[in-house]
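Dear colleague,

Please find below the structure that I am handing over to you. My findings follow after it.

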Amino acid sequence: GTADQRDVLEAPFPGIVSEVRPGIGIRVQSAARGIAGRDVLLGPTSGRLEVIAPRNGEVRPSDIDVGGAGAILVVGASIDAEGITRARALGVRGIVVATLGIKERREVLASESRGRAAAQGLSSFGILILDGAVRRPIASPVMALLERLAGRPVAIVGDPPCLVIEDADLALPDPEPGCVRVVGGPLLGAEGQWAGLAGPRSFPGRVVLEAGLVQFAGRPAVAIPLGD
């Protein structure tokens with residue numbers, strides 16, 4: 001184009017540009033805080049945060065309507081590719097979900113590729129995956145943060161993968177002391193209270209691992225490998 005034409009790159013949150021990589025992107029320093037996730041697809045993006053499902057919920061395409069336009073939606077434990085495609089088409093700016101399967105990720109990326117080939121000027125859109133591919137609820141301390149942020153501007157960025165909280169002065173709830181969340185094994189996603197170290201314990205497969213004791217819903221404490 002002519003010398004006075006410029007491409008505009010809109011940062012998803014305010015800050016100071018610390019690095020510019022021509023043709024690739026910029027790095028921004030900010031006082032904003034972030035809720036860390038595992039992966040981000042597409043993005044970056046920004047919008048007001050809306051919670052439309054409980055932490056263990058599953059959002060279906062029919063649950064998403066035009067009222068979500070311009071918003072980043074918290075959709076609970078899972079959402080399918082059709083629901084994400086519908087959200088994209090209705091002007092939703094982003095999705096926050098506990099898990100997204102490998103098949104769903106491929107379908108979303110393929111749909112986005114087709115959409116960009118067929119249309120120009122698509123609004124920004126991103127998906128923050130908090131925990132990975134195996135279904136589990138959003139961690140309750142994280143859900144408490146998301147509920148506190150409902151209605152406020154946030155952003156999704158991929159490096160590092162997180163939900164950025166623009167209001168640096170906003171008071172946020174602390175996790176309950178002693179809260180433990182199981183991230184592997186047969187109790188994946190379960191939450192309980194720390195009850196102390198258990199030392200080496202034998203687990204299925206005759207594997208001996210260092211373990212900790214966790215109490216779930218008032219039941220006797222269970223030994224869980226520390227790696228889980």
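Strands here are DSSP runs of E of at least two residues, numbered from the N terminus. By that numbering, Pro-44 lies in the loop between β4 (39-42) and β5 (45-51). Please bear in mind throughout that this is a predicted model.

Overall picture

The protein contains 3 helices and 16 strands. Its C-alpha trace spans about 70 × 35 × 30 Å along the principal axes. Of the 228 residues, 35% are buried. The protein exposes about 12700 Å², and carbon and sulfur atoms supply 53% of that area. There are 24 positive and 25 negative side chains, with the centres of the two sets 4 Å apart. Among contacts between residues at least 6 apart in sequence, 55% join residues at least 24 apart.

The sheet from β13 to β16

An open sheet is formed by 4 strands in the order β13-β14-β15-β16, with antiparallel pairing. At its edges are β13 (179-181) and β16 (222-225), each of which pairs on one side only. From one strand to the next, the twist averages 45 degrees. Within this sheet, β14 (residues 191-203) and β15 (residues 207-215) are joined by 9 bridges in the antiparallel sense; Gly-196, for instance, has Leu-213 in β15 as its bridge partner.

Backbone geometry

Most residues other than glycine have a negative phi, and most peptide bonds are trans.

- The peptide bond from Gly-43 to Pro-44 is cis, with omega near 0 degrees.
- The bond from Asp-159 to Pro-160 is also cis, with omega near 0 degrees; Pro-160 sits in the loop between β11 (153-158) and β12.
- Leu-42, in strand β4, has a positive phi near 60 degrees. Leu-42 is classed as partly exposed because its relative accessible area is 28%, between the limits of 20% and 50%.
- Arg-206, in the loop between β14 and β15, likewise has a phi near 60 degrees. Its relative accessibility is 81%, so Arg-206 counts as exposed.

Surroundings of Glu-166

Glu-166 is located in the loop between β12 (161-165) and β13. With 30% relative accessibility, Glu-166 counts as partly exposed. Leaving aside residues up to four places away in sequence, Glu-166 touches Pro-12, Phe-13, Pro-14, Ala-32 and Pro-153. Gly-192, by contrast, is 26 residues from Glu-166 in sequence and 31 Å away in space, C-alpha to C-alpha.

With kind regards

Definitions and conventions: Residues numbered from 1 in each chain as written. Predicted model: local features only at pLDDT ≥ 70, side-chain atom pairs only at ≥ 80, totals over all residues. Heavy atoms only, no water. Pairing = 2+ DSSP bridges. Axes fitted to C-alpha atoms, helices over the stretch in contact; angles between N-to-C directions. Buried < 20%, exposed > 50% of the residue type's maximum accessible area, 1.4 Å probe, protein only. Contact = heavy atoms within 4.5 Å. Areas by Shrake-Rupley, 256 points an atom, 1.4 Å probe, with all protein chains shown as cover. Lys, Arg positive; Asp, Glu negative; His and termini not counted. Charge placed at Lys NZ, Arg CZ, Asp CG, Glu CD.
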